[in-house]
Protein chains: 2
Amino acid sequence: VRIASVGEFGLIEIIRRSAPGGRRGTTGRRSPAGGVLLGIGDDAAILRPTPGFDLLLTTDLLLEGVHFNRNYASWVDVGYKSVTVNVSDIAAMGGIPRAYIVSVALPSDFLVEGVRSLYSGMRQAAREAAVVLAGGNTAFSPGRVFINLTLVGEVERGRAVTRSGARVGDLLFVTGTLGDAAAGLDLLKREKKSFPFLVRRHLRPTARWREGRALSRIASAMIDLSDGLSSDLRHLCNESGVGAVVGASLLPISRPLTAFCRLGGKRPIDYALCGGEDYELLFTVPKRRIGDLEKLVRHGAIKATPIGRIVSRRRGCWLVDSEGAVPLWPGGYDHFRSGRS
Amino acid sequence: VRIASVGEFGLIEIIRRSAPGGRRGTTGRRSPAGGVLLGIGDDAAILRPTPGFDLLLTTDLLLEGVHFNRNYASWVDVGYKSVTVNVSDIAAMGGIPRAYIVSVALPSDFLVEGVRSLYSGMRQAAREAAVVLAGGNTAFSPGRVFINLTLVGEVERGRAVTRSGARVGDLLFVTGTLGDAAAGLDLLKREKKSFPFLVRRHLRPTARWREGRALSRIASAMIDLSDGLSSDLRHLCNESGVGAVVGASLLPISRPLTAFCRLGGKRPIDYALCGGEDYELLFTVPKRRIGDLEKLVRHGAIKATPIGRIVSRRRGCWLVDSEGAVPLWPGGYDHFRSGRS
């Protein structure tokens, strides 16, 4: 069934039914899920903020053919990722993700089944991050599919971790492993069925919100890796007014990425530095808080690898390997120059 | 200059510069504008909620060729309207609009000047509603221009006016005049330069947020008129579980609309019932609060016209004129069936 035949209001009903709690959200409950008092179906959603918390607000748009490609991403994948990339932004502030609203523009020959898949992917990622669908907007698109998500999060008053708090002497860490998602995308483009771990890292990235939360009292600055380490490190350094030295041999590379590169004659470090969409967290920790971080790692709350340290802005950003130091340039994606996916 | 040549980060810089307060928002001020502690340039914006207030969240997307047409809307118009339609949603909840975030997808041959115009239109509408740009997202679009705005507002805890509070016996009111915007759109389609009032009502609609605010303690239910009176009244009635009787002769029609209809052999009532995008407020008032409403009207705080009353759901929705009563059907736009603009 095409969405043209159910109309806009029919479509909204399908979306409503896909939201747990139904149309009225969770009104009346003493602790409404995600703080949502009123969800889909009014002029605006109503959320009850947690006293003593600041509000975090982020938005990301996914455009067919730019941010995802229907040749290899299912609608469930697309829905999943649209939530995850926003949860990742809240994670990078040390916040708790709460609720999201979605705008979609769909062609009129889009199938109702596709809508269900899209929202089922969102719901899956939302459940993993304990966030609630609070509302949205639908429209007819004469062309491609547009999906825009806005996610609201919360963080203890004044405790948000920004990009601008890194200081000279802080150590630089990253969660998880680097470059997997970009390798996964290369595999998908070549229609390879091998290396499911890498493919999954591209199609179903993990938002590190538990890690971000655990780091909120330890990290001096934090950013999520969407454009690639070299680009995102540059953002963090620019905003903090510092430089950085990164050790090439320290970068965490997964076994599948190593194996994939060996087969294809590629270098894992290129993926690790320039590959986008890993959605790992890059963060800095003042030396006096390293003990706290070690405790978190020991207790299994987070997996983090030290990859370098913060130096003065004057010294710039460098990659150090066995042969010496080379300037580290943003090599990640600049969407307007190169496109994406 | 085309945006392709400045790149995504260059584009973000242009947008940043268009935001009052610059990149860091208004950090450090004792009463930050719109509650925005940190604006464009981090993983998420940080807002400080007003203690004792609930949060309102709304989103609206504008798609080139669907919601606006470049043949007659300038980029300033489009930017202006993208903010206004969201402010109108917050108005309809009786809330105070606070801050907004914007996602745009632009073709790479889009001009930098167009970006400045678009954001200048947003800024103009934002200034009028005292809201602040808090962040956003940009992407390359292989096709049309896509704009999505999310607006955050606030309302005293538990005091949001929903669509579901209308009760049998309440009186039905509308702010301003009806049908002007749809007539303005007809004029634009026919490239007429006459009736500037009607054209302006389409291109630069006014969000009734001061009125919505004043009504927040008086109205039992409220909705903003985006799809047309007959459609939006139906939404209000459905959500409240009631019916309504509307007097045809009571509908507020502007002099320009009357003149325009006389010239073109059209009926103002068709525009008033079915014309979309007036962004006036439709609201219900319990009889015991009518005195409070009259006071507001007398003091010039709002212009409101009584157009009917709420009856039981069983009785349905009716339009009454000198010849009798006819059932009132949703005649407003259903975007997926008919498109818009």
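How much area is buried between chain B and chain A? The answer is about 5,900 Å², and carbon and sulfur atoms give 60% of that area. Buried area here is the accessible area (1.4 Å probe) that two parts lose on being put together, summed over both.

This is a predicted model, in which local features need pLDDT of at least 70, side-chain atom pairs count only at pLDDT 80 or more, and totals for chains, interfaces and linings use all residues. Residues are numbered from 1 along each chain as its sequence is written, chains are lettered from A and ligands numbered from 1 in the order written, and side-chain values use heavy atoms, with hydrogens and water left out.

**The interface**
- In chain B, 73 residues are in contact (heavy atoms within 4.5 Å) with 73 residues of chain A.
- Polar contacts link 23 residue pairs across the interface, both residues at pLDDT 80 or more.
- Strand 3 (residues 53-63) of chain B gives the most to the side of chain B that touches chain A: ten residues.
- Strands, like helices, are DSSP runs numbered from the N terminus; a helix (H or I) has at least four residues and a strand (E) at least two.
- A polar contact is a pair of N or O atoms within 3.5 Å; within protein, one must be able to donate a hydrogen and the other to accept it, and residues adjacent in sequence count only if both atoms are side-chain atoms.

**Strands across the chains**
- Strand 2 (residues 45-47) of chain A runs antiparallel to strand 3 of chain B, joined by three bridges.
- Strands pair if DSSP finds at least two bridges between them.
- Ala45(A) stands opposite Leu57(B) in strand 3 of chain B.

**Salt bridges**
- A salt bridge puts a side-chain nitrogen of Lys or Arg within 4 Å of a carboxyl oxygen of Asp or Glu.
- Eight salt bridges are counted between chain B and chain A.
- One of them joins Asp54(B) and Arg48(A), at 2.8 Å from N to O.

**Shared surface**
- The copies meet through the same surface, because 100% of the interface residues of chain B are also interface residues in chain A.
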